[in-house]
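Here is a quick tour for anyone meeting this structure for the first time. Have a look at the sequence and the 3D view, then read on.

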Amino acid sequence: MATPDEMAATMIANMPEKTGKPLGDWLDIVKQSGLDKHGKIVAMLKSDHGMSHGFANLVAAHALKSDEPVDLVAAQYSGAKAPLKPIHDAIVDFAKTLGADVEIAPKKTSVSLRRKKQFALIIPATRTRVDLGIALKGEEPAGRLEKGDAMCSHRVRIESVAEFDDEVKQWVAEAYTRAG
């Protein structure tokens, strides 16, 4: 069975015969349209050019592909969530003081803090709040230390740098110790 990359290569090779134009020409059409959302590009290629969904999807994916690396943290704290970035920075700065083995691992919607395993998870949850997941399995939720989910056993809601106080830092430090 062909891999997805092999299937895409076959579609690109067949594109001139099936659609009347090579990929480069279709990419120029998309660029001239000014569209920058996958669904809108697909819809335009299908309605304006009679392209099948499969080819339109492939062209849209190539049109939006970028070789530039994405700064996942900057993307998380862009727009309305920008004011939350100092909270993220305070948590990361503190985590780095716990030991040289702390790994900061950004994901698309969160930042994982790991040692041998994850001990905390920073999530810009809303425009006004960061949720700090903390791995403290066995601890009873109480007060600000709420029950968490599958990613972390507990959660603390933080709306300002001041709320990342000594109590929260102690929980993070304990989770770091347990992750060793």
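## Ser112, tucked away

Ser112 is buried: its relative accessible area is 2%, and anything under 20% counts as buried. Keep in mind that this is a predicted model. You'll find Ser112 in strand 2.

What does the side chain of Ser112 make a polar contact with? The partner is the side chain of Gln118, at 2.6 Å. Leaving out residues up to four places away in sequence, Ser112 also touches Glu103, Ile104, Ala105, Lys107, Ala120 and Leu121.

The largest nonpolar core has 30 residues, and the ones touching the most other members are Ile91, Phe119, Ile122, Leu132 and Phe164. At least two residues of this core come from each of helix 6 (85–97), strand 2 (111–114), strand 3 (118–124), strand 4, strand 6 and helix 7 (166–178). There is also a second, separate core of 15 residues, with Leu23, Leu58, Val59 and Ala60 among them.

Setting aside neighbours within four places in sequence, its contacts include Tyr77, His88, Ile91, Val92, Val111, Leu113, Val130 and Leu132.

## Strand 6 and its partners

Strand 6 (residues 154–158) pairs with strand 4 (residues 130–134) in the antiparallel sense, over five bridges. In that pairing, Val130 sits opposite Ile158. Strand 5 (residues 146–147) is also an antiparallel partner of strand 6, this time over two bridges, and Lys147 has His154 as its bridge partner. A hairpin of six residues takes the chain from strand 5 to strand 6.

Which residues of strand 6 are on its covered face, and which on the uncovered one? His154, Val156 and Ile158 are on the covered face, while Arg155 and Arg157 are on the uncovered one.

Helix 3 (residues 38–49) is 12 residues long and reaches 16 Å from its first C-alpha to its last, close to the 16 Å expected. Its buried residues are Ile41, Val42, Met44 and Leu45. Why do they end up on the same side of helix 3? Because they cover an arc of only 165° around the axis. As a general point, an α-helix has 3.6 residues a turn, so residues three or four places apart point the same way.

Those buried residues pack against helix 2 (23–33) and helix 4 (53–64). On the face turned away from the buried side, you'll see the exposed residues Lys40 and Ser47. Just after helix 3 comes Gly50, with a positive phi of about 65°.

## Helix 7 and Arg178

Helix 7 has 13 residues, and its end C-alpha atoms are 18 Å apart, in agreement with the 18 Å it should span. Val168, Trp171, Val172, Ala173, Ala175 and Tyr176 are buried here. The buried residues of helix 7 pack against helix 6, strand 3, strand 4 and strand 6.

Arg178 also lies in helix 7, but it is partly exposed, with a relative accessible area of 33%. A polar contact of 2.5 Å joins its side chain to that of Glu139, and a polar atom of the Arg178 side chain lies 2.9 Å from the backbone oxygen of Lys137. Arg178 touches Lys117 and Leu136 as well. Although Arg178 and Leu136 are 42 residues apart in sequence, their C-alpha atoms are 8.0 Å apart in space.

Methods:
Residues numbered from 1 in each chain as written. Predicted model: local features only at pLDDT ≥ 70, side-chain atom pairs only at ≥ 80, totals over all residues. Heavy atoms only, no water. Buried < 20%, exposed > 50% of the residue type's maximum accessible area, 1.4 Å probe, protein only. Helix = DSSP H or I, 4+ residues; strand = E, 2+ residues; numbered from the N terminus. Pairing = 2+ DSSP bridges. Core = buried A, V, L, I, M, F, W, Y, C linked by side-chain atoms within 4.5 Å. Contact = heavy atoms within 4.5 Å. Expected span 1.5 Å × (residues − 1). Arc of directions from axis to C-beta. Polar contact = N/O pair within 3.5 Å; in protein donor to acceptor, adjacent residues only side chain to side chain.
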